[in-house]
Amino acid sequence: MSVPEPPLSDGVLPGPPAGLGAGERTPGLSDASPDEGLIEDLTVEEKAVEQLAEGLLSHYLPDLQRSKQALQELTQNQVVLLDTLEQEISKFKECHSMLDINALFTEAKHYHAKLVNVRKEMLMLHEKTSKLKKRALKLQQKRQKEELEREQQREKEFEREKQLTAKPAKRT
């Protein structure tokens, strides 16, 4: 591949002037890099660029596609794992709530047993108070009867004493 001579650009000569030898400085040129004018001097063929790009793509594209597919599979697996993890978390929450429900039922049984005991005690106390009221009523009736009998006895004794006391005789 031959490189044609570049045209003059910006008034700069492509080579040294006729009066200068190799290695001598050209008056008026700065100390620039030797690669500075190389890009401008190089003409690129489109076909070569296409072939280089195709070669580069053909070399790296299969690996990139495999990497892309592997990343897609990993992403899909990660989504599946996240879904599974969410399901397991919900199962644990259900188990925890079941434990809470079981605790509530146990507590409800405990308080139901207490309620039954309180009801039994109340019935027993009601029976005892009923018996005590009946006994008190009987005792009261007995005392009243005894009191009445004593009163009647006193009246009899008073009548008897009254009859036994001497009465003045009536004069006729």
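Start with the salt bridges: the structure holds 5 of them, each being a side-chain nitrogen of Lys or Arg within 4 Å of a carboxyl oxygen of Asp or Glu. This is a predicted model, where local features need pLDDT of at least 70 and side-chain atom pairs count only at pLDDT 80 or more, while totals for chains, interfaces and linings use all residues. Residues are numbered from 1 along each chain as its sequence is written, and side-chain values use heavy atoms, without hydrogens and water.

Select E146, E147 and R150, which are linked in a network of salt bridges. R150 meets E147 at 3.1 Å, N to O, and E146 at 3.8 Å. E146 and R150 sit 4 residues apart in helix α2, about one turn; helices here are DSSP runs of H or I, at least four residues, numbered from the N terminus. R150 is partly exposed at 42% relative accessible area (partly exposed lies between buried, under 20%, and exposed, over 50%, using a 1.4 Å probe and protein chains only).

Next, pick K91 and E88: their closest N and O atoms are 3.7 Å apart in a salt bridge, and the two lie 3 residues apart in α2.

Now go to Y60, where α2 has a kink of about 35 degrees, shortly before P62. That bend is the angle between axes fitted to the seven residues ending there and the seven starting there.

L57 counts as exposed because its relative accessibility is 53%.
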